[in-house]
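Open the model in your viewer and keep the selection tool at hand. The stops below say what to select next and what is there.

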Amino acid sequence: MATVCPVASPHQEANPSRLKIGSVKTLAESSNLTSIPSHYAFTTSASGDQAVHSDHDYSIPVIDFSLFSSSNPDQRRKVVSDLAKACQDWGFFMVINHGVPESQMKAMGDMLTGFFDLTEEDKREFEGKHVLDGIRWGTSFNASVDKVFFWRDYLKVRVHPKFYCPSKPEDFSEVLAEYAGAVRKLAGGLLKGISESLGLEPGYIDEAMNMDSSLQILTANLYPPCPQPELAMGMPPHSDHGLLTILMQNGIGGLQVHHGGKWVKIDPIPNAFLVNTGDHLEIMSNGKYKSVLHRAVVNNKDTRISIVLSNGPSPDTVVTPAEQLVDGESNRAMYIGMKYKDFLELQQSSVLDGKSGLERVRI
Ligand code: OGA
Ligand code: NI
């Protein structure tokens, strides 16, 4: 069981000396960098527990999204049952034929490359001060409380129900709005299938989680080449807070998923999305579909960019296990209700540590 880590006050002022930490991008680009500064070194390194490749024994499930609209009921039933199995066994799956045009995915990739290539001064304009700010550019996870820094810069933008977007690069907001809308539609379709796979009405999650006002957050992660990748960590083991996370990446691997007691390397498949179930799907399904630990490791050759959209309930929804999945006997409710935005504020203002966010609501 993950340990509960001390919760920093969400409103605590960031330690001003910590804010002077610059981006990893600038550090990585500084000449003659042959070793990493000590505050990036993990005591338990990524090389300490070797990862295996996704292969026959550990092959990540693939869901063909186009089958959800099949006129053949057998095909529909099959994809719903494949989805149930993927959520139960892995909590991670690839989605193909997802309906998001390749051109939109490419435009997003180019836009984020352009954003991270802005000058440090330009990006500072978008540095968030508070966890609930609409736009936050930064480094590590929460530089005001992190004890060890992660080899990662990020841009976090809230895109729904209210849409924010940095004013640079040019046309960013058009590209982001279009992409986020297409991914929201995909998330909605998958959540319909997931509702069905839990024996609920197809529209159950949509209604119970108030998905009209779904909180959708973009996180773009930049992992520059690192001279000592075995000592640094891009992102430590964690689960995601929302219902479904939908990830694309620039063709460079680095994501590892905890499955069957091992870390499994997930190789990127061009134009497919990687989807994983989050803490709030675990809560609403009363533990039937668990959120899964994953981490990002770094390498010494290529810059990796991942573009992650978290699709969650509406911020004001108090998420509890679905009534239909709970009884007073063998299926007791395993989680207390908490407003999604309160959960988020607690998690984002603490050290990122496994599934510690979820431990706070577990009965
Ligand atoms: C995340 C995440 C993994 C990656 O942003 O929550 O897990 O591969 N990212 O960047
Ligand atoms: Ni994640």
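Start with N97, which is partly exposed at 47% relative accessibility (buried means under 20% relative accessible area, exposed over 50%, partly exposed in between, with a 1.4 Å probe and protein chains only). This is a predicted model, in which local features need pLDDT of at least 70, side-chain atom pairs count only at pLDDT 80 or more, and totals for chains, interfaces and linings use all residues. Residues are numbered from 1 along each chain as its sequence is written, chains are lettered from A and ligands numbered from 1 in the order in which they are written, and side-chain values use heavy atoms, with hydrogens and water left out.

N97 sits in the loop between β3 (92-96) and α3 (102-116). Helices (H or I, at least four residues) and strands (E, at least two) are DSSP runs, numbered from the N terminus. The phi of N97 is near 50 degrees, a positive value in a residue other than glycine.

## Stop two: the loop between β5 and α5

Next, select the loop between β5 (153-160) and α5 (172-197), where P161 is found. The peptide bond joining H160 and P161 is cis, with omega about 0 degrees. P169 lies in the loop between β5 and α5 too, and a cis peptide bond joins K168 to P169, with omega about -10 degrees.

Move on to D171, placed in that loop between β5 and α5. D171 is not a glycine, yet its phi is positive, at about 70 degrees. Its relative accessible area of 46% makes D171 partly exposed.

Select C165 and then C226. C165 is buried, with a relative accessible area of 18%, and C226 is buried at 1% relative accessibility. How many disulfides does a search of the whole structure find? The search finds zero, a disulfide being a pair of cysteine sulfur atoms within 2.5 Å.

## Stop four: ligand 1

Now select ligand 1 and show what surrounds it. The shell consists of N221, Y223, M235, H238, D240, L247, L255, H294, R304, S306 and V308; a residue is near a molecule if one of its heavy atoms lies within 4 Å of it.

Which strands each supply at least two residues of this shell? They are β6 (216-223), β7 (235-238) and β13 (304-311). The most comes from β13, with three residues.

Draw distances from the oxygen atoms of the ligand. A polar side-chain atom of S306 is 2.6 Å from an oxygen atom of ligand 1. For N221, the distance from a polar side-chain atom to an oxygen atom of ligand 1 is 3.2 Å. An N or O atom in the side chain of D240 also lies 3.2 Å from an oxygen atom of ligand 1. Taken alone, ligand 1 exposes 290 Å², and the protein buries 93% of that (accessible areas come from the Shrake-Rupley method with a 1.4 Å probe).

## Stop five: Q256

Finish at Q256, in strand β9 (residues 255-259). Is Q256 buried or exposed? At 6% relative accessibility, Q256 is buried. Its side chain makes a polar contact with the side chain of R295, at 2.8 Å. A polar contact is a pair of N or O atoms within 3.5 Å; within protein, one must be able to donate a hydrogen and the other to accept it, and residues adjacent in sequence count only if both atoms are side-chain atoms.
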